[in-house]
Amino acid sequence: MKFAVHIPFVELLGFELIKFENSEAEIRFAPRLEHDNSFGVVHGGATMTLMDVVMAHAARANDDPRGVVTIEMKTSFIKGGVGPLLAKGSVLKRTASLAFTEAKVYDESGDLVAHATGTFKYMKRIVPGSGREGAVPSD
């Protein structure tokens with residue numbers, strides 16, 4: 001499954017969209033050596049990015065044409081992530097302008113690696129070349 005929008009950073013990390021429907025999303029991440037920290041596990045920044053992206057996609061997985069921007073995010077690291085990771089995101093509550101979401105990241109054994117909650121604001125998409133390039137981008 002392809003991501004609906006072009007997100008260069010997501011492409012750089014190699015995320016793979018698995019599920020995108022009914023206010024839920026799943027993304028697979030096969031980390032490479034350069035994604036590790038000095039302890040030999042996936043860097044927390046990569047794990048946080050994975051959760052941010054899966055929650056944003058869950059917020060958009062309802063046929064809403066708008067994009068979203070992260071308003072806040074709280075992350076708890078449970079254990080070091082090693083090997084392929086699977087992130088699952090879902091919407092807890094949606095209002096006209098906000099989505100309250102959560103994400104969980106699992107390792108290959110099914111063990112919980114990290115958990116996050118996040119709040120996302122719905123925004124009109126910015127079209128490149130529209131003269132609004134300085135505005136807040138979506139996703």
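Visitor: How many bridges join strand S5 to strand S6?
Guide: In this predicted model, nine bridges join strand S5, residues 98–106, to strand S6, residues 112–123. The two strands run antiparallel.

Visitor: Which residue in S6 does Thr-101 stand opposite?
Guide: Thr-101 stands opposite Gly-118.

Visitor: What holds strands of a sheet together in general?
Guide: Strands of a sheet pair through backbone hydrogen bonds, and the pairing is either parallel or antiparallel.

Visitor: In what order do the six strands form the sheet here?
Guide: The order is S1-S2-S4-S5-S6-S3, in an open sheet with antiparallel pairing.

Visitor: Which are the edge strands?
Guide: They are strand S1 (16–21) and strand S3 (67–77), each of which pairs on one side only. On average, neighbouring strands of this sheet are turned by 20° against each other, direction ignored.

Visitor: What does helix H2 touch when it packs on the sheet?
Guide: Helix H2, residues 44–60, touches S1, strand S2 (24–29), S3, strand S4 (85–94), S5 and S6. The direction of helix H2 makes about 135° with that of S3.

Visitor: Why is Lys-121 called partly exposed?
Guide: Lys-121 is called partly exposed because its relative accessible area is 32%, which falls between the limits of 20% for buried and 50% for exposed.

Visitor: And which residues is Lys-121 in contact with, leaving aside its neighbours within four places in sequence?
Guide: Lys-121 is then in contact with Gly-67, Val-68, Val-69, Ile-71, Ser-97 and Leu-98.

Visitor: What separates the C-alpha atoms of Lys-121 and Ile-71?
Guide: The separation is 6.5 Å, although Lys-121 and Ile-71 are 50 residues apart along the chain.

Methods
Residues are numbered from 1 along each chain as its sequence is written. This is a predicted model: local features need pLDDT of at least 70, side-chain atom pairs count only at pLDDT 80 or more; totals for chains, interfaces and linings use all residues. Side-chain values use heavy atoms; hydrogens and water are left out. Two strands pair if DSSP finds at least two bridges between them. Helices (H or I, at least four residues) and strands (E, at least two) are DSSP runs, numbered from the N terminus. Axes are lines fitted to C-alpha atoms, for helices over the stretch in contact, and angles run from 0 to 180 degrees between N-to-C directions. Contact means heavy atoms within 4.5 Å. Buried means under 20% relative accessible area, exposed over 50%, partly exposed in between (1.4 Å probe, protein chains only).
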